[in-house]
Amino acid sequence: MQQELQEVYDEVLHRNHGEPEFHQAVREVLETLGPVVDKHPEYREHAILRRVVEPERQIIFRVPWVDDSGRVQVNRGFRVQFNSALGPYKGGLRFHPSVNLGIIKFLGFEQVFKNSLTGRGIGGGKGGSDFDPHGRSDGEMMRFCQSFMTELHRHIGEHTDVPAGDIGVGGREIGYMYGQYKRLTNRAEMGVLTGKGIPWGGSRARTEATGYGVVIFADRMLNTVKQSMEGQRVVVSGAGNVAIYAVAKAQELGADVVTVSDSSGYVVDEAGIDLALLQQVKEVERGRLSDYVERRPGARLVQGGRVWDVPCTVALPCATQNELDHHAAETLVKNGTVVVAEGANMPSTPDAVEVFQGAHVLFGPGKAANAGGVATSALEMAQNASREPLTFNEVASKLEGIMERIHHKCASTAEEFGSPGDYVLGANIAGFRKVADAMLEQGVV
Ligand code: NAP
């Protein structure tokens, strides 16, 4: 890393103790920004880098609630409003026991550049809680979401900060949170949250958007080497929102998807993942992958291993951060993987990315490949503002155009800076440049 960028990184380490995921996300971006900072001395002059790594605002709050047995539980809530140069803060809420300030900051930082790449005028933020939704009843979920929103509502608004879902937060949770927001503010302010139900302001195809977008991005990467998703053998990790719709889109484009996973293990289904059964088990019953295997002859559940050991030509990590390390990357390379597109945020460790790039595997980083979800959230905000809902096909076709443009922007920026095929550099520079220019024009704020 250049000396000046190293100094910014050292300051981040000094200021943000015990936040390894945030350090990792910052380092990964700074490492690629040397050429753009050389080209734009004004970024240096106005301390753009030192400002862009510091969140505009960080909110931490207590979330007390009562469980079904009448016991008082206490969780911690977070909202990090990272950067509003391009528009209102925008980014999901994550409910998972691993959540802490460093994880929310890494996600918020990534979100700034991802949202910039969508071209939709949205800033970056992220939030969540260390609350574990597994095994909680509907009543418990509702009481938790209401308590969470009772504090969060002071900090958000359709022109201020617009949260959405992420791990552990889907349509049900957004519903409970929107209901409480409306009750507290006495405002039917639909644009304050995205991922809503269709009858009350949600966008068609928002549920599908992230997974669909990842596969469209992978397809465009394959097109650069005269291939497509058709006939590819695909390994997917995760079995949540992103994973399910990545499976759906890959199958629609003629690929064979042979795995999904969750924290209990991974399923290998050589006949191809049965999408309807997966949705029934995961979306309707909120069950485990063992329930899938029990009802699917020929499928097996592997516990304790790595889904990346299953040979494939396309790998789609769609579960969580750092789920794919350099050992897994080496296995994928050895097995002939051509494309890796990240559905999750930062699922590949830095040394895994190095392995892919060293082996000329086409590697699509999350901030570009999974941007279809937030881009469609921006379409949801536009529909809320205009009160003019789009059809499923209209949204799906806009999503395809957006993913196409993001792919093109990453590829052409990588070329402009002398690293053709480096989507990491392309995504970081293209995302950063727009934010940096907006910050310059808006003065020191
Ligand atoms: P989700 O519906 O809650 O699903 C998450 C999946 O990943 C589940 O199968 C879960 O398994 C698994 N998982 C989560 N944490 C894990 C861990 N520590 N170890 C093993 N498995 C784990 O969440 P999602 O919305 O699909 O999000 C998945 C990823 O995509 C996240 O990185 C998220 O930030 C990213 N993303 C999501 C969106 C979106 O629109 N939803 C947009 C962009 C990026 P268990 O159920 O067993 O925990």
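The side chain of N16 reaches the backbone oxygen of V12 at 2.8 Å, a polar contact in the sense of N or O atoms within 3.5 Å, where within protein one must be able to donate a hydrogen and the other to accept it, and residues adjacent in sequence count only if both atoms are side-chain atoms. This is a predicted model, in which local features need pLDDT of at least 70, side-chain atom pairs count only at pLDDT 80 or more, and totals for chains, interfaces and linings use all residues. Residues are numbered from 1 along each chain as its sequence is written, and side-chain values use heavy atoms, leaving out hydrogens and water.

N16 is buried, at 7% relative accessible area (buried means under 20%, exposed over 50%, partly exposed in between, with a 1.4 Å probe and protein chains only). Beyond its neighbours within four places in sequence, N16 is in contact (heavy atoms within 4.5 Å) with F22, H23 and K105.

Now to the ligand. Among the 24 residues around the ligand, D166, T210, N241, S263 and N345 come nearest; a residue counts as near if one of its heavy atoms lies within 4 Å.

| Residue | Distance to a ligand oxygen atom |
|---|---|
| D166 | 2.6 Å |
| R206 | 3.1 Å |
| S263 | 2.4 Å |

Taken alone, the ligand exposes 880 Å², and the protein buries 83% of that (areas by the Shrake-Rupley method with a 1.4 Å probe). The shell around the ligand draws at least three residues from each of domain 1 (3–188) and domain 2 (211–369), with bounds from an automatic or database domain assignment.
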